[in-house]
Amino acid sequence: MERIGEDTTDARARLAHLSSGSMASVAECYSGKSVLITGATGFMGKVLVEKLLRSCPGVKALYILVRPKAGQPMQQRVSDMMKCKLFDRVREDDPDFHQKIIPISSELMQPGLAISPEDAERLTACINIVFHCAATIRFDEPLKHALQLNVIATQQLLGLAQQMHHLEAFIHISTAYANCNRKYIDEVIYPPPVEPKKLIESLEWMDDAIVQDITPRLIGNRPNTYTYTKALAECVVQQAQDRLPIAIIRPSIVGASWQEPFPGWIDNFNGPSGVFIAAGKGILRTMRANNDAVADLIPVDVVINLTLAAGWYTAIHRPKTALVYNCTTGGINPFHWGEIEHHVMSSFKRNPLEQAFRRPNANITSNYLMNQYWILVSHKFPAFIYDLFLRLSGQKPQMMRIFNRLHKAIGLLEYFSSQDWEWNSENVSMLMSQLSPEDRKVFNFDVRQLNWPEYIENYCIGTKKYVLNEDMSDIPAARQHLRKLRNIRYTFNTVLLVFIWRVFIARSQMARNIWYFVVSLCFKFLSYFRASSTLTN
């Protein structure tokens, strides 16, 4: 731990005393360079590719590792990716931007990443900067699979990077929750829970059933295999720091874009996006979380801007030890889960999703029993009634299955929505101070400027436009549908009240007496209130 502290202090001292006056700009640093990107077809990878092409137009080539898929050629996958709306701004500036993107066939689950000898030789001869974004982000991934994708693949990529003749920077994307077993997380690489090499060797001979049985004991006080293997991956990266110029980026919960290439861009149901959509559709009615806990969301474009700036700094200064950047918002511009609930509900009432199941009205509670009560009343009972209706009409029941999947997804998020962490971000601040005023605008990662209500509004609209592919011109019809659902709800409540009256109250003299007593008490209270108001006036 002493060595960790010394390395961090030295790194920060170098950052503090370096002057940015004679340094090349970020765009100039990437000009003429060949860049290798893993995970380029994923959410963050696509944003990284787009930003490099748009803000660093002088970049020579982007080599992206692409996993072949059955029935879909590698080139077709890349072509489909580049047709995405995300690349519209790049397409306007340079219609031939696709010529800079060079796909390399690769499979992270295979030895040597399944890169052919010819491609490996090509990469080692020309690559200047590596961005390692590829990882499995499934929280419930089997340990062996998560270890292969997050640790062993990182190990093999580092091995390839050490053979690169012109490498200037290796940037590894980790997670701010790699050390979530700690409440205070500094910008250092902590000792791993176990030596990665020993764990890999031990699990090689075990079958999947044995590994599954021992997984809870292995991960200890970490919530899942994702955070556990990302901590191991950081250790693997650290072991190569004396041979490679390395930086590690630790983003928290990555959400939709804040500003670039346009507000609210998102293309998946992962993390908060799926929860927002479920709430907007009226499916999600309750969620267990701490209203006062910080929801450490970080916009994807902030992460990418910081990543590119870190690549610039690493390539220019070649730090002797790996620098870690905690890319978070909680300690700088905090926003809480209770506030998110309010703004998400407000946004979806103003801009409703099409064919909502119910009106948006989700409730966050930290009480386990209250949460279970609302799950029963607001989730399982309506799902049972709806599935019964589907069965009677000759259709396949589906709502209970949807709710079960939703409960599983929310259960995996509970650990992160029920508590707080404190992240140090001195390296991020120091990096920002090294950028020129122009680069701070072009590669903006200053989250102090983030307006949360506006961001959440754009995020919700983004899920509607880019994930569900709904047209904004259909909002009046969606609002009409919500009014229809409101009327149905009022009618149902009225019928239910009449039913309760007829079955329980009208047939019992005691129940009627109690009912009349309550009504009389309410009437007397109102009369007293009016009389008091009159006397006051």
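**View 1. Asn469 is found in the loop between helix 18 (452-467) and helix 19.** The coordinates are those of a predicted model, in which local features need pLDDT of at least 70 and side-chain atom pairs count only at pLDDT 80 or more, whereas totals for chains, interfaces and linings use all residues. Residues are numbered from 1 along each chain as its sequence is written, and side-chain values use heavy atoms, with hydrogens and water left out. Helices (H or I, at least four residues) and strands (E, at least two) are DSSP runs numbered from the N terminus. Phi of Asn469 is near 55 degrees, a positive value in a residue other than glycine, and with 62% relative accessibility Asn469 counts as exposed. The classes used here are buried for under 20% relative accessible area, exposed for over 50%, and partly exposed in between, with a 1.4 Å probe and protein chains only.

**View 2. Arg318 lies in the loop between helix 12 (300-317) and strand 11 (323-327).** Its phi is near 45 degrees, again a positive value in a residue other than glycine. Arg318 has a relative accessibility of 41% and therefore counts as partly exposed.

**View 3. Lys51 and Glu260 form a salt bridge, their closest N and O atoms being 2.6 Å apart.** Lys51 lies in helix 3 (residues 43-55) and Glu260 in the loop between strand 8 and helix 11, so this pair ties together parts that are 209 residues apart in sequence. Both Lys51 and Glu260 are buried. A cis peptide bond, with omega about -5 degrees, joins Glu260 to Pro261, and Pro261 is placed in the loop between strand 8 (253-255) and helix 11.

**View 4. Glu457 forms a salt bridge with Arg350, with 2.3 Å between the closest N and O atoms.** Because Glu457 lies in helix 18 and Arg350 in helix 13, the pair ties together parts that are 107 residues apart in sequence. Glu457 is buried at a relative accessible area of 18%, while Arg350, at 41% relative accessibility, counts as partly exposed. Elsewhere, salt bridges that share partners join Glu50, Lys51, Arg54 and Glu260 into one network. A salt bridge is here a side-chain nitrogen of Lys or Arg within 4 Å of a carboxyl oxygen of Asp or Glu, and by this rule the count comes to 18.

**View 5. Arg138 and Glu141 form a salt bridge whose closest N and O atoms are 3.7 Å apart.** Arg138, at 46% relative accessibility, counts as partly exposed, whereas Glu141, at 7%, counts as buried.

**View 6. The second largest pocket has a volume of about 1,100 Å³.** Helix 14 (368-392) and helix 19 (475-505) are the elements that give two or more residues to its lining, and the largest share, eight residues, comes from helix 14. Of the 25 lining residues, Arg285, Arg358, Pro382, Arg489 and Phe492 lie nearest the centre of the pocket. On a 1 Å grid over the protein atoms alone, a pocket is an open set of points with protein on both sides within 12 Å along at least five of seven lines, a cavity is a set of points where a 1.4 Å probe fits but cannot get out, and lining residues have an atom within 4 Å of a point. Grid points are joined across faces, edges and corners, and a volume is the space filled by probe spheres set on the points. The lining of this pocket divides into 14 nonpolar, five polar and six charged residues, where Ala, Val, Leu, Ile, Met, Phe, Trp, Tyr, Cys and Pro count as nonpolar, Asp, Glu, Lys and Arg as charged, and the others, Gly among them, as polar.

**View 7. The largest cavity has a volume of about 220 Å³.** The structure holds three cavities of 30 Å³ or more. Lining the largest cavity are 19 residues, of which Val275, Phe276, Met287, Trp337 and Ile340 lie nearest its centre. At least two lining residues each are supplied by helix 11 (272-280), helix 13 (337-350), strand 12 (363-365) and helix 15 (399-417), and the largest share, five residues, comes from helix 13. By class, the lining of the largest cavity has 15 nonpolar, three polar and one charged residues.
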